[in-house]
Amino acid sequence: MSDVLAYGKSGSALLTGLNTIQAAISAYMAEFKLIIFLRGKEPTEDIQKFAAEKDIILFSTTDDMFPACIKLAQLVDKSINVEIVDDEDKKNITIHKFSIDGKDFAHAGMVSTQIKTILKKIGYDPQLVRRVAISTYEGEMNVVMHAKSAEVTLNAGDQEIKVIIKDQGKGIPDIDKAMKEGFSTATEEQRAMGFGSGMGLPNIKRNADDLDIKSEVDRGTTLIIRFKV
Ligand SMILES: Nc1ncnc2c1ncn2[C@@H]1O[C@H](COP(=O)(O)OP(=O)(O)O)[C@@H](O)[C@H]1O
Ligand SMILES: [Mg+2]
């Protein structure tokens, strides 16, 4: 653990086979955001409580250090592409771009997770962050289930947060119908994974201050989701 304190960079992930409270405390001291317990070790209740208080994310894997590192590297490489643009005229807006792969359930939700982390870091009201995160997650799941790929743009400003999810895919033939609670074309397999109850788009609408959907059959769908700050 002294190595962590000596060499760890803030914002890092700690991969460890130690499930003692000191692992969590070391992570907290070194400003780590994520602990991954290796070799099937699971965080104790003490660790879970501590991590929840300190906003540290906990994962557990049966993998050992090397395969876990490889998987982590692939995960980061595949799903996350962050670009921060400083616009001279709009000083207080940061723009972040991400991409989503359709059908990639293993990474589904990673973009929303990143967005939530960014918004929390900027310091928006937690209730607002929650609404943006939930809406983005529903939009991301829709891309994974119903489209081929998408580009996500987050515009985080001091007046407004705007999330644009622009996908390539089959499009939505009847948007009014798709907006109805319970309407879904999800397959049995997708439902078995806990999605596809037809509540996604209505949920986005409910959480957002404004939702604009444009869709072209066989081309794709664009959601523009806005939140007042
Ligand atoms: N990005 C998308 N591309 C194509 N079809 C979509 C997309 N998003 C939603 N849909 C269509 O709208 C329906 C309703 O979406 P939603 O309310 O999120 O419910 P669910 O995803 O649970 O089916 C989907 O079943 C699908 O037919
Ligand atoms: Mg959905």
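This is a predicted model: local features need pLDDT of at least 70, side-chain atom pairs count only at pLDDT 80 or more; totals for chains, interfaces and linings use all residues.
**Reading strands, helices and a ligand shell**

Visitor: In which sense do strand S7 and S8 pair, and over how many bridges?

Guide: Strand S7 (residues 210–216) pairs with S8 in the antiparallel sense, over seven bridges. Between the two strands of this hairpin lie three residues, and Asp-218 takes a positive phi near 70° there.

Visitor: Which way does S6 run relative to strand S8?

Guide: S6 and strand S8 (residues 220–228) run antiparallel, joined by seven bridges. Glu-160 stands opposite Lys-228 in S8.

Visitor: How should I picture the side chains along a strand?

Guide: In general, the side chains of a regular strand alternate between the two faces of the sheet.

Visitor: What is the order of the strands in the open sheet?

Guide: The order is S1-S2-S3, an open sheet of three strands with parallel pairing. Strand S1 (13–16) and strand S3 (57–60) stand at the edges with a single partner strand each, so one side of each has no neighbour in the sheet. On average, neighbouring strands of this sheet are turned by 15° against each other, direction ignored. S1 and strand S2 (residues 34–37) run parallel and are joined by four bridges; Leu-14 stands opposite Ile-35 in S2.

Visitor: How are two packed helices described?

Guide: The description uses the angle between their axes and the distance between the axes. Here, helix H2 (residues 21–29) packs with helix H3 (residues 45–54) at an angle of about 15°, and their axes are 9 Å apart. Angles under 35 degrees count as roughly parallel, so H2 is roughly parallel to H3. The crossing of H2 past H3 is right-handed.

Visitor: Which residues make the contact?

Guide: H2 contributes Ile-21, Ala-24 and Tyr-28, while H3 contributes Asp-46, Ile-47, Phe-50, Ala-51 and Lys-54. By class, this contact of H2 with H3 has six nonpolar, two charged and no polar residues.

Visitor: Which residues around ligand 1 come nearest?

Guide: Of the 25 residues around ligand 1, the nearest are Asn-142, Ala-178, Ser-184, Thr-185 and Gly-200.

Visitor: Which element gives the most to the shell around ligand 1?

Guide: H6 gives the most, with five residues. Helix H6 (126–146), strand S6 (160–169) and helix H9 (200–207) each supply at least two residues of this shell around ligand 1. By class, the shell around ligand 1 has 11 nonpolar, 11 polar and three charged residues.

Note on methods. Residues are numbered from 1 along each chain as its sequence is written. Chains are lettered from A and ligands numbered from 1 in the order in which they are written. Axes are lines fitted to C-alpha atoms, for helices over the stretch in contact, and angles run from 0 to 180 degrees between N-to-C directions. Angles under 35 degrees count as roughly parallel, over 145 as roughly antiparallel, 65 to 115 as roughly perpendicular and the rest as oblique. A crossing is left-handed if the near helix is turned anticlockwise from the far one by less than a right angle, and right-handed if clockwise. Two residues are in contact if their C-beta atoms, placed from the backbone, lie within 7 Å. Ala, Val, Leu, Ile, Met, Phe, Trp, Tyr, Cys and Pro count as nonpolar, Asp, Glu, Lys and Arg as charged, and the others, Gly among them, as polar. A residue is near a molecule or strand if its C-beta atom, placed from the backbone, lies within 6 Å of it. Two strands pair if DSSP finds at least two bridges between them.
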